Amino acid sequence: MAVNLVNVEAVSKVYGTRALLDGVSLGVSEGDRIGVVGRNGDGKTTLIRMLAKLEEADTGRVTHSGGLRLGVLTQHDSLDPKATIRHEVIGVMADHEWAGSAKIRDVLTGLFGGLDLPGFEHGLDTVIGPLSGGERRRIALAKLLIDDQDLIVLDEPTNHLDVEGIAWLAQHLQARRSALVCVTHDRWFLDQVCTRMWDVQRGDVHEYEGGYSDYVFARAERERIAATEETKRQNLMRKELAWLRRGAPARTSKPRYRIEAANELIADVPPPRDTSELMKFANARLGKTVFDLEDVTVTAGPKVLLRHLTWQLGPGDRVGLVGVNGAGKTSLLRALAEAARTQGEAQPAEGKVVVGKTVRLAYLSQDVTELPATLRVLEAVQQIRDRVDLGKGREMTAGQLCEQFGFSKEKQWTPVGDLSGGERRRLQLLRLLMDEPNVLFLDEPTNDLDIETLTQLEDLLDGWPGSMIVISHDRFFIERTTDRTFALLGDQTLRMLPRGIDEYLERRRRMIEASVPTPAPAAAAQQKAGVSAADSRAAKKELQKVERQLDKLSDKESRLHAQIAENATDFEKVAKLDAELRELAGEREELEMRWLELAEDA
């Protein structure tokens with residue numbers, strides 16, 4: 001039977017006049033992998049902070065099992081700005097000790113791209129103070145994952161990670177034994193990692209079995225039943241009114257219904273978008289030419305990002321763009337946007353960009369456009385226009401579109417200065433769509449958006465007739481809104497990926513494996529002096545064996561330390577355990593010396 005790690009009993013939390021959580025009771029047991037979802041501001045972060053005892057509940061209580069080893073990643077790290085990465089992540093471990101740990105090597109390689117931390121000027125000895133928020137977050141995550149815990153609590157762990165980093169983190173968490181509670185808007189990640197879901201809504205938390213996809217089906221079924229119950233209630237009210245007016249009620253049979261299976265819920269739902277219909281409409285709005293690139297070279301200062309690129313974005317094309325950081329994704333969009341802004345006059349360093357005469361481009365960049373703080377949400381949208389044509393006879397007012405983007409009638413009169421970062425992002429996107437563009441460039445559109453808003457945005461884009469390029473680390477969003485995927489792999493080329501992001505990850509793995517450096521002259525001389533290729537392979541094999549032995553020794557030492565603490569008053573037993581500990585220390589020293597010898601040969 002799984003041990004209960006955390007109990008949340010009748011917990012309530014009020015901010016101002018709003019109850020974020022109202023009498024919530026939950027539990028986390030060994031082996032649980034729980035994803036937490038809900039609208040921004042509904043209390044997800046508050047819930048997990050109380051779960052981790054970082055915040056007090058107004059009423060109710062949170063209890064942890066005795067000796068619970070808890071690891072928490074919050075949205076604001078507690079790293080020492082004067083310390084180095086080595087000090088915060090590795091601690092006092094010697095190089096041979098941490099380099100001999102398979103777990104530490106995996107974490108450093110997965111989060112930073114290599115043991116020498118290639119993205120940091122001084123590697124592990126880089127001082128933390130001047131680093132960006134994204135770099136600090138990866139360091140905090142590495143520090144957390146290197147330790148052993150019974151329970152890990154993560155608040156938006158995929159923020160600032162690229163597609164590869166997110167795929168690695170999912171794989172790493174799947175392999176860990178720790179229980180997990182995770183708040184994230186990344187739906188692909190939730191599907192890969194979680195086996196239960198908590199949906200935080202209006203002060204309550206609804207529990208669902210399975211990952212994100214299972215949760216979507218189960219919630220749809222729950223809402224269908226609730227709607228049926230409401231219809232029944234309304235019918236009963238009408239019958240009661242009729243009885244009061246006409247006398248005794250007629251005998252009626254009770255309404256009957258059955259719960260449909262999850263796949264029957266979507267049996268009659270059409271595909272997300274009618275591609276052929278949208279292509280026809282896009283052709284009518286855009287003509288034959290949108291963007292034609294001929295032998296184009298894109299640069300960022302002295303650095304060449306793309307060379308001799310010939311490519312075409314046609315009417316109705318929906319393209320997802322992925323790639324390593326710094327490969328030129330945003331620079332490519334900027335070059336195309338500048339060509340569109342100047343009607344083809346501004347051209348890249350080399351080559352030519354032809355822009356269609358009817359192109360009306362809207363570009364959502366990663367920077368949130370600042371609006372006057374006193375301007376109301378609805379006013380900010382109406383500044384663009386009062387109504388928008390969504391195609392196929394569909395039209396929406398500014399107020400209706402605001403509601404679709406999560407701005408209720410009351411919220412539409414909120415001053416822009418009082419909006420959160422996610423709400424400002426939503427407003428920025430809303431203003432772009434109100435301008436009725438026929439070409440959309442979306443650079444990380446999912447930043448700061450909750451899952452409900454993301455699904456609403458996806459639904460809106462499904463029926464949007466135009467050409468679109470999306471840059472995003474949100475794999476689910478790219479696969480949901482685009483039809484083709486292209487990649488910038490850092491080799492100055494743009495490649496189409498017929499199999500999408502899976503193919504991108506495979507190509508990146510092959511590139512990393514192919515880039516492993518060949519032996520330096522000194523190492524080659526050493527091989528000639530007596531270390532053959534066969535000896536090197538044997539050394540690598542034995543090296544792995546020694547690493548496994550070192551890991552087992554560490555586990556034994558931990559158990560002995562725990563036993564010594566438990567039997568602190570039994571001096572005879574403590575002496576015996578201490579002798580075992582010293583014996584293990586001798587074994588460790590021999591193994592570490594052997595590891596160093598093998599590392600040279602390998």
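User: This model is predicted. Which helices do the buried residues of helix 4 pack against?

Analyst: They pack against helix 2 (85-90), helix 3 (95-99), helix 5 (133-146) and helix 6 (163-175).

User: Which residues of helix 4 are buried, and how do I read their pattern?

Analyst: Start with the general idea. An α-helix has 3.6 residues a turn, so residues three or four places apart point the same way. Now the case here. In helix 4 (residues 102-112), Ile104, Val107, Leu108, Leu111 and Phe112 are buried. Down the helix axis they fall within an arc of 95°, so they line one face of helix 4.

User: What follows helix 4?

Analyst: Glycine 113, with a positive phi near 85°.

User: How do I read an aromatic pair?

Analyst: Use the distance of the ring centres and the angle of the planes. Seven aromatic pairs are counted in this model. Take tyrosine 208 and tyrosine 215: their centres are 5.1 Å apart and their planes at 75°, so the pair is edge-to-face. Both tyrosines are buried. Tyrosine 363 and phenylalanine 441 are also edge-to-face, at 6.0 Å centre to centre and 80° between the planes. This pair links distant parts of the chain, strand 14 and strand 17, with the two residues 78 apart.

User: Is tyrosine 363 buried or partly exposed?

Analyst: Tyrosine 363 is partly exposed, with a relative accessible area of 23%. Phenylalanine 441 is buried, at 0%.

User: Which side chain does arginine 187 join in a polar contact?

Analyst: That of glutamate 458, at 2.5 Å. Arginine 187 lies in helix 7 (residues 187-193). Its relative accessible area is 0%, so arginine 187 is buried. Among the residues it touches are Tyr212, Asp474 and Phe476. Tyr212 and Phe476 belong to one aromatic cluster, along with Tyr208 and Tyr215.

Methods: Residues are numbered from 1 along each chain as its sequence is written. This is a predicted model: local features need pLDDT of at least 70, side-chain atom pairs count only at pLDDT 80 or more; totals for chains, interfaces and linings use all residues. Side-chain values use heavy atoms; hydrogens and water are left out. Helices (H or I, at least four residues) and strands (E, at least two) are DSSP runs, numbered from the N terminus. Buried means under 20% relative accessible area, exposed over 50%, partly exposed in between (1.4 Å probe, protein chains only). A polar contact is a pair of N or O atoms within 3.5 Å; within protein, one must be able to donate a hydrogen and the other to accept it, and residues adjacent in sequence count only if both atoms are side-chain atoms. Contact means heavy atoms within 4.5 Å. The arc is that of the directions from the helix axis to the C-beta atoms. Rings of Phe, Tyr and Trp (its six-membered ring) pair if their centres lie within 6.5 Å; planes under 30 degrees apart count as stacked, over 60 as edge-to-face and the rest as tilted.
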